[in-house]
Amino acid sequence: MEHKIVILTGKSSSGKDLIRNKLVKNGYKRIVTNTTRPPREGEKDGIAYNFIDDNKFLSLVKNGDMIEYQKYYTEFGVWYYGSDAHNIDLNKHDYVIILTLEGAEAYKNYFGAENCIIFYIDAPKSIREKRAQERGSFNRDEWER
């Protein structure tokens, strides 16, 4: 039996992490994505993200190993986020991942629409902003981006 990938997408602080974590507790395997940004306090490599340098990330892109990726211009420089299929085996597990809408579309194209269940998570802006501020290191410019 082939398994599925649950894809969660939505704006920042809408509740995607909470839903993903509940699915993981119920047996879904988390897909850990790659980023070139530095880890935030408490984030661990291979758990929050695979923290890699720009050269490694761009090498994965160049070799066609990335299913999807995004490039963000921040006040700290350029950061890349993306994911590859190296550890995804739909014959063995159900998976969950948080992606942008573009990333969700790339996954649907790569794995097939029949293997992807996409949810857009939404919450009012006032609630999302309060949650983001409670996380700490809130940056108004990054929030508005």
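Strand 2 and strand 7, residues 95-98, pair in the parallel sense over 2 bridges. Two strands count as paired if DSSP finds at least two bridges between them. Strands here are DSSP runs of E, at least two residues, and helices are runs of H or I, at least four, both numbered from the N terminus. In this pair, Lys-29 stands opposite Tyr-95 of strand 7.

Before I go on: this is a predicted model, where local features need pLDDT of at least 70, side-chain atom pairs count only at pLDDT 80 or more, and totals for chains, interfaces and linings use all residues. Residues are numbered from 1 along each chain as its sequence is written, and side-chain values use heavy atoms, with hydrogens and water left out.

In general, strands of a sheet pair through backbone hydrogen bonds, either parallel or antiparallel.

On to charges. A search of the whole structure finds 3 salt bridges, a salt bridge being a side-chain nitrogen of Lys or Arg within 4 Å of a carboxyl oxygen of Asp or Glu.

In helix 1, Asp-17 and Arg-20 sit 3 residues apart, about one turn of the helix. Their side chains meet in a salt bridge at 3.2 Å, N to O. Is Arg-20 buried or exposed? Arg-20 is buried, because its relative accessible area is 10%, and buried means under 20%, exposed over 50%, partly exposed in between, with a 1.4 Å probe and protein chains only. Asp-17, at 35%, counts as partly exposed.

The side chains of Glu-43 and Arg-37 also form a salt bridge, at 2.9 Å, N to O. Arg-37 is buried at 2%, while Glu-43 is partly exposed at 22%.

Lys-108 forms a salt bridge with Glu-105, with 3.5 Å between the closest N and O atoms. Both are in helix 3, 3 residues apart, so about one helical turn separates them. Lys-108 is partly exposed at 29%, and Glu-105 is partly exposed at 38%.
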